Amino acid sequence: MESPFCPADAIAQGADFRLIETFGYRAGCGIRGLQHHLHRLERSAQVFGIPFDRRTQMAPLQALQAEEDLRCRLTLAATGAVELSTVPLPPAPQSWVVALAKQRVRSDDAWLLHKTTHRRIYDTVRNSLPAGVDEMLFLNERDELCEGTITNVFVTLRSGLRVTPPLSSGLLPGVLRQQLLEAKQVSEQVVTLRDLRDAQNVTVGNSLRGEIPAAFPGAVAPSP
């Protein structure tokens, strides 16, 4: 279980603490969802009491030019210092095999609402994916579906309604998720294990990779 949410302690005790935004740069098109990423970063900076200046954030992004697609990682330190790193972005996968993580997250864990370097459970699970599995999905203490290690989840229910878990289940407000909500392509609804078993379709995704069709290796069942 993650430690209690205390922004001041996180900054005081962790010199390496950063807010993070990860996004894609498309050659000839620029950065996907830039304003959504900056808005989320600013909102988290306010919660953590970190100086945020949009012009400072934009400077390295406006200077970014490349002839290939890039994976970009923008970090904001407690001092307000900004750092941008990039690596080549491989083509998006056609599909991912996903499974349920044994570890649980808590619906009342406020850390889940912010993308930071304080994400031990996600990194631990991501770094130990079983062979043949591309993503692990988390449940909360109420057996509600939450999110993946690096993705939000979108479920087409038996009724045909396309939904994504609400923030109250315990998850990051992802940029792709927000864009789909704004476009009314999905709605928020608690997703149970039964919903997952009976789903017509499941995708996972984020703003970097877009939506990825998800397949489960065998029947969906509660984690032991």
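Let me begin with a question: what is the handedness of the crossing of H2 and H3? The crossing is right-handed. Please bear in mind that what we are viewing is a predicted model.

I shall stay with this pair of helices for a moment. Helix H3 spans residues 54–62, and its axis lies 11 Å from that of H2, at an angle of about 140°. An angle of 65 to 115 degrees would count as roughly perpendicular, and one over 145 as roughly antiparallel; H2 and H3 are therefore oblique to each other. On the H2 side, the residues that meet H3 are Leu 34, Gln 35, Leu 38, His 39, Leu 41 and Glu 42. Their partners in H3 are Arg 54, Gln 57, Met 58 and Leu 61. Sorted by class, this contact holds five nonpolar, three polar and two charged residues.

H2 also packs with H5. Here the angle is about 115°, and the axes are 10 Å apart. Angles of 65 to 115 degrees count as roughly perpendicular, and H2 and H5 are therefore described as roughly perpendicular to each other. Their crossing is right-handed. H2 contributes His 36, His 37 and Arg 40 to the contact, while H5 contributes Val 175, Gln 178, Gln 179 and Glu 182. This contact of H2 with H5 comprises one nonpolar, four polar and two charged residues.

How much space lies in the largest pocket? The value is about 640 Å³. The lining of this pocket is made up of 36 residues, and those closest to its centre are Thr 22, Lys 115, Arg 119, Thr 149 and Ile 150. Several elements give two or more residues to the lining, and both H2 (34–48) and H5 (175–182) are among them. The others are helix H4 (120–126) and the strands E1 (18–26), E3 (70–77), E7 (145–148) and E11 (201–206).

Which element provides the largest share of this lining? That element is H4, with four residues.

To close, I return to helix H2: H2 packs with H3, H2 packs with H5, and H2 contributes to the lining of the largest pocket. Thank you for your attention.

How values were computed
Residues numbered from 1 in each chain as written. Predicted model: local features only at pLDDT ≥ 70, side-chain atom pairs only at ≥ 80, totals over all residues. Heavy atoms only, no water. 1 Å grid on protein atoms, 1.4 Å probe; cavity = no way out; pocket = protein on both sides within 12 Å on 5 of 7 lines; lining within 4 Å. Points joined across faces, edges and corners; volume = space filled by probe spheres on them. Axes fitted to C-alpha atoms, helices over the stretch in contact; angles between N-to-C directions. Parallel < 35°, antiparallel > 145°, perpendicular 65-115°, else oblique. Left-handed = near helix turned anticlockwise from the far one by under 90°. Contact = heavy atoms within 4.5 Å. Nonpolar A, V, L, I, M, F, W, Y, C, P; charged D, E, K, R; others polar.
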